[in-house]
Amino acid sequence: MARAVTPKKKAINTAAAWAIGLLIFFPILWTILTSFKTEATAIADPPVFLFFDWTLENYQVVQDRSDYMRFLWNSVIIAGGSTLIGVMIAVPAAWSMAFVPSKRTKDILLWMLSTKMLPAVGVLYPIYLIFISMGLLDTRTGLVFILMMMNLPIIVWMLYTYFKEIPGEILEACRMDGAGLKEEILHILTPMAIPGIASTMLLNFILAWNEAFWTLNLTAAQAAPLTAFIASYSSPEGLFFAKLSAASTMAIAPVLILGWFSQKQLVRGLTFGAVK
Amino acid sequence: MGSIRLEQVNKTFGDVTVIPSVDLDIDDGEFVVFVGPSGCGKSTLLRLIAGLEDTTGGRILIDGKDATDTPPAKRGLAMVFQSYALYPHMSVRKNIAFPLRMAKMDKAEQDRRIEQAAAVLNLTDYLDRRPGQLSGGQRQRVAIGRAIVREPAAFLFDEPLSNLDAALRVGMRLEISELHERLKTTMVYVTHDQVEAMTMADKIVVLRAGNIEQVGSPLELYHTPRNLFVAGFIGSPRMNFIEGPEAARYNAHTIGIRPEHIAVSADEGTWSGVVSVSEHLGSDTFFHVHDSGLAESITVRAGGEVGFRHGDRIFMTPREDVLHRFSADGLRLA
């Protein structure tokens with residue numbers, strides 16, 4: 001039965017939703033606006049909102065001063081690589097947890113998630129040392145590895161929830177049809193879970209793209225992704241807000257566009273299983 | 001070839017014993033139906049044969065070879081599930097081709113078999129559709145198609161018709177029977193519907209609580225049920241059971257008489273009672289008779305033209321040659 005919604009209530013709800021939406025979006029909007037200001041306008045008091053002399057000067061400076069494409073490429077490799085390898089490991093893991101659970105499966109799932117509760121800085125020192133001794137410092141391989149490990153619990157959890165939705169009889173049918181474990185996962189489970197796998201990958205790509213703690217601490221010049229690119233425009237003194245904003249805008253643009261075009265997929269992925 | 005032999009097969013889930021111990025021989029080419037009330041272990045038994053569940057003890061032999069520990073993929077059996085279990089992301093053609101693809105059969109032979117199966121099952125026009133675009137009956141046919149292309153040693157059916165509406169069920173029942181006539185392949189079929197069991201089976205296996213109550217042809221079970229359970233389960237409407245002095249007259253603890261073996265009359269007969277409900281089916285009429293002093297209610301089948309009504313007193317005469325006698329522990333007396 002539908003609830004009766006009066007026009008007044010509807011108007012209030014709509015206004016509230018817009019207000020929250022704008023509140024969340026405002027910092028991003030402000031960053032984008034600031035990137036088109038001069039350094040002086042950027043710190044003007046009172047702040048200037050829209051009526052200033054729009055300039056592309058900051059983008060010009062940022063472009064001249066650093067190699068955006070190299071950072072971008074590092075980001076793509078690190079985010080893409082860690083997501084791809086993570087999913088390859090998580091699919092069989094989630095399969096076993098969803099379809100042949102043991103007494104301890106629930107505990108393992110919770111334990112995996114609990115690793116996300118640990119402050120990352122707590123293991124920075126040992127990981128830093130391991131990276132030095134293995135020669136992984138400031139390499140894309142090292143970052144792909146560490147980000148994959150960091151996001152693996154989330155990937156496994158998400159895939160586990162999707163796999164739980166697939167009827168067991170279909171997997172039994174393919175076993176009867178002569179499929180081994182490899183064929184079962186490759187030809188039946190994965191294609192059926194494609195929407196779920198896609199949204200998992202998307203979310204993890206975004207998480208890895210935005211990850212700053214490990215990328216800043218474990219890179220110098222060679223493997224630095226866009227997070228390091230942004231950080232390089234912050235300095236303890238001088239005027240840098242406009243240039244920093246320009247760098248930030250350039251760094252978030254690709255993933256913002258990706259998110260925009262796949263928002264349906266993302267929302268579906270995050271609410272999957274909630275509504276049948 | 002497809003003979004299946006179960007030797008002391010048992011199955012427990014945790015502390016629950018679903019199947020205490022089952023011995024059963026299924027001959028090559030036989031149509032065997034497992035029937036019983038829900039929870040009797042018939043589906044578990046089928047899944048043990050399929051290999052989808054591991055046995056707790058005992059042996060399963062397929063064509064004389066021990067298959068107890070063989071994975072389902074290697075047993076050479078095909079299964080049709082209640083939910084059809086089609087692959088939703090594949091076209092009908094790909095669904096049917098899947099077992100052939102898994103067997104790495106060459107493409108030309110695959111196509112030949114798919115076309116043949118599609119022709120047999122009237123699916124030729126639907127080969128490029130997805131399962132989601134088909135009706136229930138068509139989906140069931142695809143599931144059967146997927147099972148037959150591989151030419152398995154035996155087919156396993158797990159309540160395949162219970163998701164279909166009544167009219168379609170009768171049609172599919174005939175199709176499966178015809179398929180068996182044509183292929184002559186062993187079929188093991190699980191159902192709780194005794195009409196399906198009676199009409200399709202060469203051999204019926206009646207199960208209760210994981211135990212085999214009786215194995216026999218449909219008519220054997222109908223004419224000589226081994227005990228009260230089988231007597232009550234096979235036949236529709238149910239056999240009437242009468243205890244007390246009337247049974248003692250026949251030297252039995254309980255006597256059983258089927259509704260179709262009682263003659264009714266308005267003025268004379270062995271027993272009498274009052275019609276409580278009469279069900280007119282056109283071809284037949286069923287009377288539920290109370291106040292006979294024999295049992296709470298006696299069901300009688302008469303011709304469609306017999307028109308007693310609620311409250312009428314009628315007389316009933318059992319056919320003594322087809323009267324069943326049972327001992328106090330429920331077993332048939334010779």
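Two strands pair if DSSP finds at least two bridges between them. Helices (H or I, at least four residues) and strands (E, at least two) are DSSP runs, numbered from the N terminus.

**Before you click**

This is a predicted model: local features need pLDDT of at least 70, side-chain atom pairs count only at pLDDT 80 or more, and totals for chains, interfaces and linings use all residues. Residues are numbered from 1 along each chain as its sequence is written, while chains are lettered from A and ligands numbered from 1 in the order in which they are written.

**Stop 1: the hairpin in chain B**

Select residues 271-280 of chain B. This is strand E14, and its antiparallel partner over four bridges is strand E17 (residues 313-318) of chain B. Pick B:Val274: its bridge partner in E17(B) is B:Arg313.

E14(B) pairs with E15(B) over six bridges, in the antiparallel sense. Here B:Val277 stands opposite B:His288. Three residues lie between the strands of this hairpin, and B:Gly282 takes a positive phi near 95°.

Zoom out to the domains, whose bounds come from an automatic or database domain assignment. Chain B is assigned domain 1 (4-231) and domain 2 (237-326). Their C-alpha centres lie 38 Å apart.

**Stop 2: the six-stranded sheet of chain B**

Colour the strands E6-E7-E8-E3-E9-E10 of chain B in that order. They form an open sheet with mixed pairing. E6 and strand E10 (211-216) are the edges; each has a single partner strand, so one side of each is left without a neighbour in the sheet. From one strand to the next, the twist averages 20°. Angles run from 0 to 180 degrees between N-to-C directions, and axes are lines fitted to C-alpha atoms, for helices over the stretch in contact.

E6(B) and strand E7 (residues 154-158) of chain B are parallel, with four bridges. B:Met79 has B:Leu156 as its bridge partner in E7(B), and B:Val80 has B:Phe157.

Show the side chains of E6(B). B:Leu77 and B:Met79 point one way, B:Ala78 and B:Val80 the other, and all are buried. A residue is buried if 20 or more other C-beta atoms lie within 10 Å of its own, exposed if 12 or fewer, and partly exposed in between, with C-beta atoms placed from the backbone. In a regular strand the side chains alternate between the two faces of the sheet.

Next, select residues 136-148. This is helix H4 of chain B, which lies across E6 and E7 and runs at about 175° to E6(B).

**Stop 3: where the chains meet**

Two residues are in contact if their C-beta atoms, placed from the backbone, lie within 7 Å. By that test, 18 residues of chain B are in contact with 15 residues of chain A. Strand E6 (77-80) and helix H2 (92-102) of chain B each supply at least two residues of the chain B side. That side has 15 nonpolar, two polar and one charged residues. Ala, Val, Leu, Ile, Met, Phe, Trp, Tyr, Cys and Pro count as nonpolar, Asp, Glu, Lys and Arg as charged, and the others, Gly among them, as polar.

**Stop 4: the largest nonpolar core**

A nonpolar core is a set of buried Ala, Val, Leu, Ile, Met, Phe, Trp, Tyr and Cys residues joined through C-beta atoms within 7 Å. Which of the 142 residues in the largest core touch the most other members? Select A:Ala94, A:Leu159, B:Val33, B:Met79, B:Leu156 and B:Val188. Helix H7 (residues 140-164) of chain A gives the most to this core, with 14 residues.

Centre on B:Val188. Not counting residues up to four places away in sequence, B:Val188 touches B:Ile26, B:Val32, B:Phe34, B:Leu46, B:Ile49, B:Ala154 and B:Leu156.

**Stop 5: chain A**

Chain A has 14 helices and zero strands. Its C-alpha atoms fill a box of roughly 70 × 65 × 30 Å along the principal axes. Of its 276 residues, 33% are buried. Chain A is divided into domain 1 (7-59) and domain 2 (66-232), with 34 Å between their C-alpha centres.

Finish on A:Ser245, in helix H13 (residues 241-261) of chain A. A:Ser245 counts as buried because it has 23 C-beta neighbours inside 10 Å. Leaving aside neighbours within four places in sequence, A:Ser245 is in contact with A:Thr31, A:Thr34 and A:Ser35.
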